[in-house]
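Please read them alongside the sequence and the structure shown below.

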Amino acid sequence: MNNLSLLLVVIVLSVAGYYLGRKRSVDVVRGEIRHLHSLPGYYGLFVALWCGLPALVVLAVWIASQTSVITSLVVSGLPPDFRSLPGEQLSLVINDIRNIADGTIVSGTRDQALYAAAKHYNRLKVTGFLAILAVILSICIAGLGLSKRHIAPSMRARVKVERTITVLMVLCSTVAIFTTVGIVLSVLFESIRFFNQIPITDFLFGLEWSPQMAIRADQVGAAGSFGIAPLLTGTLMISGIAMLVAVPIGLMSAIYMSEYATDRVRTVAKPVLEILAGIPTVVYGFFAALTVAPFLRDIGAGMGLDVSSESALAAGLVMGIMIIPFISSLSDDVINAVPQSLRDGSMGIGATKSETVVKVVLPAALPGIVGSILLGVSRAIGETMIVVMAAGLTANLTANPLNAVTTFTVQIVTLLIGDQEFDSPKTLAAFALGLVLFIMTLCLNIIALYVVRRYREQYE
Amino acid sequence: MNRAELNSHEDRLQLIKSKLKWRYAKENIFRVSGIIAILLAVSMLAILFISIIGSGYTAFQQTFIRLDIKFDQDVIDPDNKKEPEALSQADYSALVKTALSKMFPDVSDRRERRDLYSIVSSGAAFELRDMIMGNPALIGTTQQVWFPADDDVDMYIKGHIQVEAEGSGRIKESTVQWINALTESKSLKKRFNTTLFTGGDSREPEIAGIWGAVVGSFYTMIVTLALSFPLGVATAVYLEEFAPKNIWTDIVEVNINNLAAVPSIVFGLLGLAVFLNFFGLPRSAPIVGGLVLTLMTLPTIIIASRASLLAVPPSIREGALGVGASRMQSVLHHVLPLALPGMLTGTIIGMARALGETAPLLMIGMVAFIVDIPTGVFDKATVLPVQIYLWADSPERAFVERTSATIMVLLAFLLIMNALAVILRKKFERRW
């Protein structure tokens, strides 16, 4: 809670700055505020911004770097035989030190050096807190004092404040760009490290996926193989099944809702679809594993088929249910956007409603519908929890939907949960899979947008 | 059908009539298939709810067993030190065992005895410890205490598991006899399962609760809200009201639309690589979860906020500008307050999605087994959907119903949030 109290200090000082600045501006003109360039509040804001913003920046830098700075200081204070440990063991030692410092009991070695280091750690934490408190206080007070001195009737406080706000808003809007850049860089960077160890051709064209790396050199089955073909087929199969469920149901319900349904039906059906859309995927995953998979296995057993309890069919079916509202709401929008005059014209020459829909409305809405289906596919490919909970872990190269298959997302999750040896191909492979996933969904989204834009009919 | 045949009016009418039946049939088929599609969607939702509620409602009750515990001075505090240190180290499970043996004196076989001791939750000892730590005066007295029964006993009482052929099932014939004896003496009954709502996670289903996950979710959502709402609103206001039309703003817009469609797990990879490995923020902490979910919900909030800004008519801005407001004043004083309800609605919907999100949080380690209730955003924590995932993975039968119960709690939260959004929209919606 230390950081929160620092934040509170800054906020309190800024508020104080606001009132001081406002009072000062009124005092400067002896209460005749018509002589001021801006309203007194703007002078207050001016002081508050000068007081708060620099301090907030410093505080953010401190919060982001605090842990690593203190840790590296503690490590440099450790006896040399600890410092020379390899990375992973060192991080274990650091963890122990932190736990001791927090007062939790650490099992295993109770080295005296660790206790000393923990004390050092706690001392550093306190020193760091006091130091940053002093720095922030001085920045705030300096900003407050300096900006207060600037207040004069001719100072254009409103312009300055508004310019600052604009700059802040521009900065906020760049967060989206930084996020994309962050995603691309983080995934790409680790992927390149992965491809340094595993050739990219093996990754793209290999037919086998078993990311077990040897711990000892002489282990049996040591060499892991990283071919994404089974993952790709598994992903496509599950997404395909999902789309087979979602497209007909989603599209037909969208058509019915916009063309046939009475208001009463619509007021019931629309919320139902919205509820389906709002259910978290982990719930769908549990539903697939608890109800759908055993149900399918029983049916399969009744028909003499051997259905795996983690069959692609179960995961695909449930994923399809998840995507229904997605398809239906997007299609609903584009179908509603088709002008009524087209329908009237078609009905006027004697077509039935279904003929109007199939021959006039759907062709007019087709680009939007195709776009929504593509977005649905991209959703299905990137969907994680349903397949993690209901699909298999082993990579089978099979076309039988009753078998267990695995997907990109399942493998990313299984590779990254648990052990954290960050340099092994195993963990890096997860990032390479993430890159493939990102590229696939990105391409689908771009194609979807392009289809919608390029082939959209303009009715004006 | 050639042209000559169509020449006469009669023939044409005939042809149309003969086709009409088929066309009407097709019309009906089309309409019915639409109805079927909607019914399918509705029934799938119904099946989902029925199967979740059906397997989860029993979790709100838990079997308790009453034991007469004699707080024996010799066991708890033989040296009469009365220090908390000594009291907390005492062997409280011995008290439970003694009480059970007294109840069933004829159990002598060692293996049977072990079975007998295991009908009460292994959390019973901790409960007794807490009682003594809270009130040391209890030492030497005999108290009636209700303990949660072991999860297998609980499952048997609820009818989820049966006695199977000798020794193979989770519950044995002898245990059933004890259960029956306890029921007869009114020492066993089902009560409301408060532990489920107040406890932290545990390996023992009967003392596992979701409070830790609820608190973790709360902290994560606070971080998400505190970051994503101001960021999203500022971005939307800038793009909609101030931004010039140029390449830069185009790039920003394309980015936002694209981020809205990036799979959530990729945000988890980003969080792992950037927040954990680069910035060295703590694993499993709500602060990191909140940061990742912020990036994920930002596009939703921005898009909704822009839509609601767009809905404010230009006349409002022009009116403000006309009486001498600056552009910033016209936006901050007039446009923003009018657009705020729509922005809040979008934010609530975005937060509801963030509350149900699991995959990115798995990547940043919020999947760890955490017993303690988190006390801040830097503590290790888990969240409700991850708790569901963890319990769904546990082999114990008792966790199935607890998972379903947790899902009901999560869905209730989501329902409340969405209802709030709807009410907000209804209340403040304005048409110009």
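1. The contact between the two chains draws 68 residues from chain B and 69 residues from chain A, where two residues are in contact if their C-beta atoms, placed from the backbone, lie within 7 Å. On the side of chain B that touches chain A, the largest share, 19 residues, is supplied by helix H2 (residues 9-56) of chain B. That side of chain B comprises 48 nonpolar, 16 polar and four charged residues, with Ala, Val, Leu, Ile, Met, Phe, Trp, Tyr, Cys and Pro counted as nonpolar, Asp, Glu, Lys and Arg as charged, and the others, Gly among them, as polar.

2. Please keep in mind that this is a predicted model, in which local features need pLDDT of at least 70 and side-chain atom pairs count only at pLDDT 80 or more, while totals for chains, interfaces and linings use all residues. Residues are numbered from 1 along each chain as its sequence is written, and chains are lettered from A and ligands numbered from 1 in the order in which they are written.

3. In chain B, the domain assignment (automatic or from a database) gives domain 1 (63-191) and domain 2 (211-428), and the C-alpha centres of these two domains of chain B are 46 Å apart. For chain A, the assignment gives domain 1 (2-155) and domain 2 (225-455), whose centres, taken over C-alpha atoms, are separated by 47 Å.

4. Within chain B, helix H11 (residues 211-242) packs against helix H16 (residues 327-355) at an angle of about 140 degrees, with the axes 9 Å apart; helices are DSSP runs of H or I of at least four residues, and strands are runs of E of at least two, numbered from the N terminus. Axes are lines fitted to C-alpha atoms, for helices over the stretch in contact, and angles run from 0 to 180 degrees between N-to-C directions. H11(B) and H16(B) are therefore oblique to each other, since angles under 35 degrees count as roughly parallel, over 145 as roughly antiparallel, 65 to 115 as roughly perpendicular and the rest as oblique. The residues of this contact of H11(B) with H16(B) divide into twelve nonpolar, five polar and one charged.

5. Which residue in the loop between helix H13 (264-278) and helix H14 (286-310) of chain B deserves a look? B:Ser284 is found there, and although not a glycine, B:Ser284 has a positive phi of about 65 degrees. B:Ser284 counts as buried, with 21 C-beta neighbours inside 10 Å (buried means 20 or more other C-beta atoms within 10 Å, exposed 12 or fewer, and partly exposed in between, with C-beta atoms placed from the backbone).
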